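Morning, everyone. Please have the viewer open while I talk.

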Amino acid sequence: MVFLWPSLLWLLLILPLLVLLYLWLLRRRKVQALAYPGLALVRQALGSRAQWRRHLPPLLFLLGLAALLLAAARPLAVLKLPSEQQTIILAMDVSGSMRATDVEPDRLTAAQNAAKAFIKELPRHVRVGVVAFAGTAQLAQLPTQSHDDLLKAIDSFQLQRGTATGNGIMMSLATLFPDAGIDIAALGGRQAMRVLPMDQVTRPEPEQKTFTPVAPGSYRSAAIIMLTDGQRTTGVDPLEAAQWAADRGVRVYTVGVGTPEGTVIEFEGWSMRVRLDEETLKQVAKVTKAEYFHAATAQDLLKVYETLHSRLTLEKRETEVSSLLALAGALFIILAATLSLWWYGRVL
């Protein structure tokens, strides 16, 4: 435990002095009892029960005083508290490889079911947005607190060709920072993030604000969860997109579905082998100070989302606990005074 005002801990020396004072008072009373043999006989008749009752209120008082003195030094403790993250973007792969059945009943359905279960468990104050990506990335649902809208967006996924994992990250960033002017086309991708209305096409571009990178993982208001089962085949380099997220402090948690050796899928007369690019997903998570998770089965996928739920709704933070110690100290002192009044008709 760390203290903001450690110099005040010297006040704890009051406690042994009070203990010595209490022992002196007990000795003094014992001497007085010897001077009055009848009083000693009465105390002996009361038995051991009266003895522990006699010491309990002073002990509670000392504990309460110790808690108050510790509170005065302003202690810090690492506690699990509700996360400050208010927005989560689910970036989900809807490429053709998601029809593979190595994850029952198929990868896409398993991913949809796990994502929906994740959303249902989130606190109502958390806003969630949904991005679907294949050869391009699309915003399927703006960040919202409406679970019904989110579930409908996830159920409406349509499989497409191509896998643009970098575009999925960039679209998620553009959703979190709509005024940042993030443009996939400028990075060599196949689509622009924003399409200007016709009446604004000829207008000059607004002056760009100077962007100053922040520490990776330092943005506590939002996070991205990207789920994919394949390798990037088009669009923005996912590591370049990850650096964009890192420069803005946004964590990108990556979830890999399937196996690194891959599987063969067949569709409309053509077949292809799809492999999970774990190394890239691990690098994306590492660069953004997040975590990578692997899910080889539908049950694994559910467990991954359960873990992410705890990661994103609860977090360990160093927090001042002075108020808790002060409350505990006050309760101990009140209890000591109450017992003393109840048993002896006096306060301590």
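This is a predicted model: local features need pLDDT of at least 70, side-chain atom pairs count only at pLDDT 80 or more; totals for chains, interfaces and linings use all residues.

Let's start with the rings. How many aromatic pairs does a search of the whole structure find? The search finds 2. A pair like this is described by the distance of the centres and the angle of the planes.

Take F118 and Y305. Their ring centres are 5.3 Å apart, and the planes stand at 50°, so this pair is tilted. To count as stacked, the planes would have to be under 30 degrees apart, and to count as edge-to-face, over 60. Now look at where the two rings come from. F118 is in helix α4, residues 107-121, and Y305 is in helix α9, residues 298-313. Buried or exposed? F118 is buried, at 3% relative accessibility. Y305 is buried too, with a relative accessible area of 2%.

Next, F177 and Y219. This pair is also tilted, with 5.3 Å centre to centre and 55° between the planes. Both residues lie in the loop between α6 and β6, so the pair ties together parts 42 residues apart in sequence. F177 is buried, with a relative accessible area of 19%. The cut-off for buried is under 20%. Y219 comes out as partly exposed, at 28%.

The charged end of R74 sits over the ring of W5, and the distance to the ring centre is 5.0 Å.

Now helix α8, residues 278-287. Which of its residues are buried? They are E278, T280, L281, V284 and A285. Why do they share a side of α8? They span an arc of only 165° around the axis, and that puts them on the same side. In general, an α-helix has 3.6 residues a turn, so residues three or four places apart point the same way. The face turned away from the buried side carries the exposed residues E279 and K286. What covers the buried residues of α8? The cover includes α6, β6, α7, β7 and β10. After α8 comes K289, with a positive phi, near 65°.

Last stop: A298, in helix α9. A298 is partly exposed, at 26% relative accessibility. In sequence, A298 and R107 are 191 residues apart, yet in space their C-alpha atoms are 7.9 Å apart. Leaving aside neighbours within four places in sequence, A298 is in contact with V103, E104 and A110.

That's my tour. Questions, please.

Notes:
Residues are numbered from 1 along each chain as its sequence is written. Side-chain values use heavy atoms; hydrogens and water are left out. Rings of Phe, Tyr and Trp (its six-membered ring) pair if their centres lie within 6.5 Å; planes under 30 degrees apart count as stacked, over 60 as edge-to-face and the rest as tilted. Helices (H or I, at least four residues) and strands (E, at least two) are DSSP runs, numbered from the N terminus. Buried means under 20% relative accessible area, exposed over 50%, partly exposed in between (1.4 Å probe, protein chains only). A charge sits over a ring if NZ of Lys or CZ of Arg is within 6 Å of the ring centre and within 35 degrees of the ring normal. The arc is that of the directions from the helix axis to the C-beta atoms. Contact means heavy atoms within 4.5 Å.
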